[in-house]
Amino acid sequence: MMKKYIIILAASFIALSGCKRDFDAVNPNAPTIASFWKTSADATKGINAVYSTFYRTASLYSRWMFYHGILKSDEGFGSGGDGGLNNLMRFNQTNYNDGLTAQTWSTLYVGVFRANQVIANVPAINMDEASKRRIIAEAKFLRALFYFNLTLYYGRPPLMLEPSQPKDVPANTTSAQAYAQVAKDLTEAIADLPTSYPASDLGRATKGAAYALLGKTYLQQKLYQPALDAFAYLVTGPGSSTYSLTADYRDNFIISKENNSESVFEIQFSENQSESTDDDVDETRINNTGTSISQFFAPPGVGFSDGAARRWVVNEFLQETTVGGAQDPRLAASFIFNNANPAGPTATIVYGQTFASRYGNGPDANGVWFRKLLNDHWKNQEGFRSPNNYRLIRYADVLLMYAECLNGLNRTAEAYPFVDRVRQRAGLATLTAAKPGLSQAQFLTQLKHERLTELAGEGWRWADLARWGDLGPALATRDADFSGFIVGKHELYPIPQSDIDLNPNLTQNPKY
């Protein structure tokens with residue numbers, strides 16, 4: 001397996017948390033901050049600590065970001081014994097201080113704080129100028145990613161662009177203002193980020209990753225022309241020679257093919273059998289650099305099955321066969337279910353056993369589980385320290401977003417070839433041949449199908465539904481959880497009440 005980039009944690013001063021922050025408290029970390037930023041090694045430790053936020057506790061990419069982007073959407077649901085998770089996925093949240101939403105907010109601000117430290121302190125370090133600029137650019141990319149998520153899920157996050165001070169009481173921004181800051185950070189980062197890294201540094205932000213996230217930021221606001229311009233770097237510009245679709249779709253989700261030609265930005269995980277904590281600032285213990293999502297997404301008998309997929313998504317894949325008459329190969333690559341092998345449950349293998357032998361005619365016989373984040377391709381059990389990387393942005397995603405931009409600009413005919421590339425890799429007929437001459441509205445409807453079949457279970461479904469204006473109780477026809485959806489409220493999570501209590505300038509999101 002390709003060597004992974006292992007986080008080296010910076011000094012413990014970087015631990016400032018946004019959870020239940022007391023804005024009036026004396027910052028016990030200040031003396032350490034003042035003495036830390038001296039050498040190029042300090043700069044490297046500092047930026048590595050920003051990356052480490054990805055798997056600081058379960059609240060980001062170790063687990064909960066997948067709940068927010070996958071299970072809360074119409075493709076998934078809370079299917080296990082976690083009552084808090086199940087209620088949240090049913091839009092039935094009563095506690096705004098604890099649990100999934102407050103801790104994700106808090107940890108995203110931990111990442112912002114760490115990035116701010118790098119951006120503020122690295123410029124004064126006497127070190128190689130090119131390395132300095134790159135590290136600052138990495139920090140801006142990461143701060144942009146944290147604020148992208150804060151804006152997507154909470155709508156009006158306060159912007160904190162300098163190292164936090166005890167008496168800071170920042171006010172909410174608008175979503176447009178927050179996205180504008182994301183775009184500013186990414187634009188500035190692009191100039192100093194490299195196109196690639198040596199194997200020892202895989203996982204760091206690249207120029208292509210920044211352009212892709214910039215495009216996502218504009219597209220989420222339906223700003224089609226600037227989004228198109230950003231994606232163009234990867235599709236028709238200099239980055240087009242760096243990225244390409246893998247020949248085998250499944251290669252994007254297995255540990256032996258990580259950081260491949262399709263990976264635009266990938267979160268690096270590694271298995272550390274001796275780990276003893278998810279707290280990445282506890283220097284007395286060994287940090288978990290793996291992800292726990294596989295244990296919670298794996299089906300019964302292997303994992304906890306706290307999250308599962310809706311059956312209707314399987315039917316989307318069955319609308320077409322390949323040009324050779326076979327089942328769309330992306331279906332079995334994306335889900336575990338009774339007919340993942342078209343020969344049926346006696347031929348479908350689930351962690352070394354047939355589906356029939358595991359589930360028979362029992363309560364799980366009709367279950368569907370997300371597969372892309374699992375490890376069934378190399379072992380027959382799961383755990384809490386999966387080394388399977390998360391491909392946050394894939395080139396296929398970029399191609400489909402590029403097509404969406406062209407269609408949004410009423411250049412529908414020009415959009416076809418980019419969808420064709422994605423479909424052809426799956427063995428399907430081109431859209432040009434299958435459905436020529438679609439109108440702008442028809443093409444968008446088709447694109448919604450294309451994004452579901454290509455990206456199911458990868459964490460982008462909620463963002464897609466929000467962008468398209470499709471969130472609402474009408475989705476209850478395929479996901480019963482949406483019967484509790486209140487328009488004008490549940491598009492966003494609540495801001496933690498504890499933060500509002502401490503900060504008179506913060507206000508709650510509508511209807512909470």
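Start with salt bridges across the interface of domain 1 and domain 2: the rule, a side-chain nitrogen of Lys or Arg within 4 Å of a carboxyl oxygen of Asp or Glu, finds 0 of them there. Keep in mind that this is a predicted model, where local features need pLDDT of at least 70, side-chain atom pairs count only at pLDDT 80 or more, and totals for chains, interfaces and linings use all residues. Residues are numbered from 1 along each chain as its sequence is written, and side-chain values use heavy atoms, with hydrogens and water left out.

Now switch to polar contacts, meaning a pair of N or O atoms within 3.5 Å, one able to donate a hydrogen and the other to accept it, with sequence neighbours counting only if both atoms are side-chain atoms. Between domain 1 and domain 2 you get 11 such residue pairs, both residues at pLDDT 80 or more.

Next, color by element of secondary structure (DSSP runs: helices H or I of at least four residues, strands E of at least two). On the side of domain 1 that touches domain 2, α3 (64-71), β1 (76-78) and α4 (83-89) each bring at least two residues. The top contributor is α3, with 4 residues.

Zoom out and select 40-193 for domain 1 and 292-370 for domain 2, bounds that come from an automatic or database assignment. Their C-alpha centres sit 33 Å apart.

Finally, show the surface: about 1200 Å² is buried between the two, 56% of it from carbon and sulfur atoms. Buried area here is the accessible area (1.4 Å probe) lost on putting two parts together, summed over both. Select Arg63, Glu75 and Phe77, which supply 38% of what domain 1 buries against domain 2, more than any other three residues.
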